Amino acid sequence: EAALFRSPRLRAVICNSRMVKEEIRAWFSVREDNLHVIYSGVDTARFHPGLRGQHRAAFRGEHKIPQHATVFLYVGAGFERKGVAAFIKAFSTLPDTAYAVIVGDDKRRAHYVQLANQTGAAARIRFVGAVNDVAPAYGAADVFVLPTLYDPFPNEILEAMASVLPVITSTKSGGAELIEPGKSGYVCDALDLNALAAQMRASLPQERHAAMGRRAREIVLPYTFEAMSARLRSLYESLLQNRAAV
């Protein structure tokens, strides 16, 4: 990989976040003008505000979650890297009106179930496992939480924001670049459990997470697959034009 980045033939590196761009620049001394940030796209027609009306009551009923509860949602595999332990520990400090839903599976799932039991909050934590369609979970939730140790740019953050959910994520998540702290979610160090718990607690009031969720969707509306394709096409065309001019 290092040889690839140092090759004189290298003309462009597509980075899916500014975080990744800065890491490549710092580690491999790639020229600034060869690094191009192009964010992933999200299907804003599939992930939308109407998911709440379509799925909230049924999903909560199926998983025995009170309709009035504030639901904090995690989606993803790789529980260790993506901070499920931190999520569970921080969640356990919240009042009984809060519930947690963990969507996705992991080979050490039993370890995290045991951790939930140890915190005393297991009765309010639902391990849903892998699902074919994650949209109902977004519709049933109020806040999305991903305290990942490292993630270049999680698509789940885009999906959650498009589904009008505020996002709480870590400083080592490329998706944090889309978060306006206090307006569309929060960002903290993945290992700072006190900060994570405080941010989750601050998101509890309905008017608070609803307002942040609306702002979150506004932010991601421009990030369509069509916009991503247009940026990629523009980059490729400029590279071809520059090559032809040489």
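User: Why are α4 and α5 called roughly parallel?

Analyst: In this predicted model, the axes of α4 (residues 84-91) and α5 (residues 109-119) cross at roughly 20°. Angles under 35 degrees count as roughly parallel, so that's the label α4 and α5 get. Their axes come within 9 Å, and the crossing is right-handed.

User: Which residues meet where α4 and α5 touch?

Analyst: On the α4 side you'll find V84, A85, I88 and K89, and they meet Y112, L115, A116 and T119 of α5. Sorted by class, that contact has six nonpolar residues, one polar and one charged. Y112 also belongs to a cluster of ring pairs, together with Y74, F79 and F87.

User: What makes the pair of Y39 and F153 tilted?

Analyst: The structure holds seven aromatic pairs. In the pair of Y39 and F153, the ring centres are 5.0 Å apart and the planes sit at 35°. Stacked needs under 30 degrees and edge-to-face over 60, so this pair is tilted. The two residues are 114 apart in the chain.

User: How do you know that F153 is buried?

Analyst: Its relative accessible area is 6%. Buried means under 20%, so F153 qualifies. Y39, at 10%, is buried too.

User: And why is the pair of Y39 and Y223 called edge-to-face?

Analyst: There the angle between the planes is 80°, and over 60 counts as edge-to-face. Y39 lies in the loop between β2 and α3 and Y223 in the loop between α9 and α10, so the pair ties together parts 184 residues apart in sequence.

Key. Residues are numbered from 1 along each chain as its sequence is written. This is a predicted model: local features need pLDDT of at least 70, side-chain atom pairs count only at pLDDT 80 or more; totals for chains, interfaces and linings use all residues. Side-chain values use heavy atoms; hydrogens and water are left out. Rings of Phe, Tyr and Trp (its six-membered ring) pair if their centres lie within 6.5 Å; planes under 30 degrees apart count as stacked, over 60 as edge-to-face and the rest as tilted. Helices (H or I, at least four residues) and strands (E, at least two) are DSSP runs, numbered from the N terminus. Buried means under 20% relative accessible area, exposed over 50%, partly exposed in between (1.4 Å probe, protein chains only). Axes are lines fitted to C-alpha atoms, for helices over the stretch in contact, and angles run from 0 to 180 degrees between N-to-C directions. Angles under 35 degrees count as roughly parallel, over 145 as roughly antiparallel, 65 to 115 as roughly perpendicular and the rest as oblique. A crossing is left-handed if the near helix is turned anticlockwise from the far one by less than a right angle, and right-handed if clockwise. Contact means heavy atoms within 4.5 Å. Ala, Val, Leu, Ile, Met, Phe, Trp, Tyr, Cys and Pro count as nonpolar, Asp, Glu, Lys and Arg as charged, and the others, Gly among them, as polar.
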